[in-house]
Amino acid sequence: MTAQTTTRATGAAGERESRHAPLILTVFGLYARGEHNWLSVASVISLMADLGVESRAVRSSVSRMKRREVLRGERLEGVAGYSLADSTLQTLAEGDVRIFRQARASREDGWVLVVFSVPESEREKRHALRTALTRLGFGTAASGVWIAPGHLAAETRRTLERRGLSAYVDIFTGDHVAFGELREKVRSWWDLDELTAMYADFLDRYRPVLDAVTRREPRPLEAFRTYVPMLTQWRRMPYRDPGLPLELLPPEWNGVAAAELFDRLNTLLRAPAEAHAAELFRTRR
């Protein structure tokens, strides 16, 4: 095998592992917190096998997640397993609100502005700030000036404090009073075309699933195999979409239909999927 072939193989393996990590995080977010924040190695491998992921890939992905301090190894009553790191638990708790109870902003909420300046010697902090603000759903109003609906002000402050980034920012709240059409400003601050494409993909993929589960109640294993990937795909979107006021969005905005579809599927699939996981935990105790 040539060095180039080895590099390609290693890269492909890394890409597969990076695809598996979001599924693993979804599994932990859904089921570890109800199991005293711990899942055995055997349980993780079994649940991921139900999703079509081989044990070797699971172990490799989990190893990377441990190195990134997303997970930590922990033995419970002599059994090897993993728990969520404290920072991950906090992130998931905040994410629950975004994913399952996201609020839609109104014009009356105003706006929150984050202005930051980071010394060149600490450019990694600049990257961390941009990543954090993107995950909060902020758009870019100008260089170093980020904007989001005003109802995100408290969450923004908590997030930047928790990540040790508050020393680099100022946070303001206020109204847009002039100039220009605010609807056009919103389109320039956020990549609405990208969001529309993400929602369209979700709708195309899961509308047939809703039709199927409406006609016939899925068995627990079927529900699990559908629910975990569905939630994994969905949970990216509330972080990119800050819940902008509907009157500032295009008339054909498909985010509302996508959210309604997610709510329906979450209602139909969550309990039977959890029943599958609970049965596995019961048999492996």
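Leaving aside its neighbours within four places in sequence, which residues is glutamine 233 in contact with? In this predicted model, local features need pLDDT of at least 70 and side-chain atom pairs count only at pLDDT 80 or more, while totals for chains, interfaces and linings use all residues. Residues are numbered from 1 along each chain as its sequence is written, and side-chain values use heavy atoms, without hydrogens and water.

Glutamine 233 is in contact with Asp201, Phe202, Arg205 and Tyr206; contact means heavy atoms within 4.5 Å. Glutamine 233 sits in helix H9. Helices (H or I, at least four residues) and strands (E, at least two) are DSSP runs, numbered from the N terminus. The relative accessible area of glutamine 233 is 12%, so this residue is buried (under 20%, with a 1.4 Å probe and protein chains only).

Helix H9 (220–234) also gives two or more residues to the lining of the largest pocket, as do helices H1 (3–32), H3 (55–67), H4 (86–101) and H5 (123–136). H1 gives the most, with eleven residues. The lining has 39 residues. Ala21, Pro22, Leu25, Arg135 and Arg235 lie nearest the pocket centre. A pocket is an open set of points on a 1 Å grid over the protein atoms alone, where a 1.4 Å probe fits, with protein on both sides within 12 Å along at least five of seven lines; lining residues have an atom within 4 Å of a point.

Three strands form an open antiparallel sheet, in the order S1-S3-S2. Strands pair if DSSP finds at least two bridges between them. Two bridges join S1 to S3 (residues 79–84). Serine 40 has glycine 81 in S3 as its bridge partner.

Note on methods
Buried < 20%, exposed > 50% of the residue type's maximum accessible area, 1.4 Å probe, protein only.
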